[in-house]
Amino acid sequence: MKGLSVRWSLATAEDGVEEQLSTYVAESSHARFTGMAGLQFKTWRMVPGEWFEGCYVFSSDEVRAEFQATFTAGAAESPVSQLVGSGPVLIEPCDIVAIAEGWDGFNAAPRA
């Protein structure tokens with residue numbers, strides 16, 4: 001499995017950006033990635049005041065490479081970059097070693 005992490009700094013973002021990001025994910029981004037061909041799953045992570053990140057797991061290196069190239073070309077204009085006020089500080093491919101589903105199962109929800 002092939003992964004990709006995309007991270008934005010929130011260090012200089014405006015106050016309240018965390019709620020704006022959460023709303024964007026719930027109202028737009030979650031639906032965009034749900035059911036996307038070649039994507040096994042995506043998570044959105046955030047440490048308020050520090051960073052916001054999308055973590056992707058793709059079914060193949062080819063799918064990841066195509067997504068990464070397309071995303072990178074428009075990263076500075078992406079909705080998250082617009083909300084944060086700057087482009088990503090990290091776009092990093094990686095290998096996913098394993099995935100385990102816990103006893104309580106997997107909850108694919110637009111807001112935690």
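Tutor: First, what counts: a charge sits over a ring if NZ of Lys or CZ of Arg is within 6 Å of the ring centre and within 35 degrees of the ring normal. Bear in mind that this is a predicted model.
Student: OK, so where does the charged end of Arg7 sit?
Tutor: Over the ring of Trp51, 3.6 Å from its centre.
Student: Switching to ring pairs. How many aromatic pairs are there?
Tutor: The count comes to nine. One of them is Trp8 with Phe71, an edge-to-face pair with 6.1 Å centre to centre and 85° between the planes.
Student: Which parts of the chain does that pair link?
Tutor: Distant ones: Trp8 is in strand β1 (residues 2-9) and Phe71 is in helix α2 (residues 61-74), 63 residues apart.
Student: And are Trp8 and Phe71 buried or exposed?
Tutor: Both are buried.
Student: What about Phe67 and Phe71, and why is that pair called stacked?
Tutor: Their planes are at 15°, so the pair is stacked, with the ring centres 6.1 Å apart. The cut-off for stacked is under 30 degrees. Phe67 and Phe71 are four residues apart in helix α2, so about one helical turn separates them.
Student: How buried is Phe67?
Tutor: Phe67 has a relative accessible area of 11%, so it counts as buried. For Phe71 the value is 14%, also buried.
Student: Last one: which residues do ring pairs link into a cluster?
Tutor: Trp8, Phe33, Trp44, Phe52, Tyr56, Phe58, Phe67 and Phe71.

Definitions and conventions. Residues are numbered from 1 along each chain as its sequence is written. This is a predicted model: local features need pLDDT of at least 70, side-chain atom pairs count only at pLDDT 80 or more; totals for chains, interfaces and linings use all residues. Side-chain values use heavy atoms; hydrogens and water are left out. Rings of Phe, Tyr and Trp (its six-membered ring) pair if their centres lie within 6.5 Å; planes under 30 degrees apart count as stacked, over 60 as edge-to-face and the rest as tilted. Helices (H or I, at least four residues) and strands (E, at least two) are DSSP runs, numbered from the N terminus. Buried means under 20% relative accessible area, exposed over 50%, partly exposed in between (1.4 Å probe, protein chains only).
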